[in-house]
Amino acid sequence: MDLDVFVSAHRAEWDRLDALLGRRRRLTGAEADELVTLYQRAATHLSVIQSAAPDPQLTGRLSRLVARARSAVTGTRRASWRDVTQFLTHGFPAAVYRARHWWVPTALVSTAVAALLGWWIGTHPEVQASIAAPAELREMTRPGGQYETYYSSNPATSFAAQVWTNNAWAAALCLILGVFLGLPVLWILFQNMLNLGVGFGLMSSAGRLDTFLGLVLPHGLLELTAVFVAAGTGLRLGWTVVDPGPRTRRTALAEEGRAALAMAIGLALVLFVSGAVEGFVTPSGLPTWARITIGVVAELAFLAYVYLVGGRAARAGETGDLEASGRSADVPTAA
């Protein structure tokens, strides 16, 4: 394509669109129709230039012009409480439900890995010796030792905030780094399962596995589920790079990436709940059965939320992606 000829042929249309966008008075009906037509043509021109003869200066100018025109055509939309309600009752649970074929297997395999590591560490003294000296291991696992005092090492509010920040960051990393074929996600998962397996193995070898489970289960069920959901979503995003399906790779990544971003916001709320449980319930004086019951109820409530509310929303067509008005306009492309 001869870029100079193309520009000469369409410059008048672009200038006219720019002039209409610069009007300070209200456009007439005919002018509004003309603006929409010119916007559609400019979007097509931008697509053609980007694919056939990319010129940074011209592409930048047309991109700004198309963005201004799109804003004028669609209007400015502000978030409202309706959007929050829609997200919590449709978008987020549907996104988690749609990703269940990824995060459920991730949860099962990861739990099995943690259990296997815990058994290996707990039954092999030489492995325990490689972790820490015998005196240090006794200090960690004894009654009132480091494993128990960890949950009351700081004021509950401060501890809950710290836990929420750490877990939210881990979940965000799983979602963000999933695009790198999911490999960083597997490493993050392994590190989490290794930490869990070490605690499981050391406390079981000291004959205090019941105490360990009483400390971990109240918050750990919901916390780990959130991490598994993030990891499964990250792995799905990585697989999209390999196999985008019937969509173009760019479109598939855009759709799955937007859903992953929404997932990060929703999981931050879930992890806030688990962090509150870890900060206020786990170190409390409640009986072990009561603390575990609170954790089980929180986990069952989340699963019901995903499978009942999210399942219904997904069957109704909700995907967890942005509404059409919040997505970038698709420009015409050749078949």
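This is a predicted model: local features need pLDDT of at least 70, side-chain atom pairs count only at pLDDT 80 or more; totals for chains, interfaces and linings use all residues.
Residues are numbered from 1 along each chain as its sequence is written, and side-chain values use heavy atoms, without hydrogens or water. Local features need pLDDT of at least 70 and side-chain atom pairs count only at pLDDT 80 or more, while totals for chains, interfaces and linings use all residues.

**Helix 7**

Start by selecting residues 134-141, which are helix 7 (helices are DSSP runs of H or I, at least four residues, numbered from the N terminus). Colour L137, M140 and T141, its buried residues (buried means under 20% relative accessible area, exposed over 50%, partly exposed in between, with a 1.4 Å probe and protein chains only). Now show helix 6, helix 8 and helix 10, against which they pack (contact means heavy atoms within 4.5 Å).

**Aromatic pairs**

Next, select Y97 and Y307, an edge-to-face pair at 5.8 Å centre to centre with 85° between the planes (centres of Phe, Tyr or six-membered Trp rings within 6.5 Å; planes under 30 degrees apart are stacked, over 60 edge-to-face, the rest tilted). Y97 lies in helix 4 and Y307 in helix 13, so the pair ties together parts 210 residues apart in sequence. Y97 is buried at 12% relative accessibility, whereas Y307 is partly exposed at 35%.

Finally, pick F87, F92, F302 and Y305, which form one aromatic cluster.

Definitions and conventions:
Helices (H or I, at least four residues) and strands (E, at least two) are DSSP runs, numbered from the N terminus.
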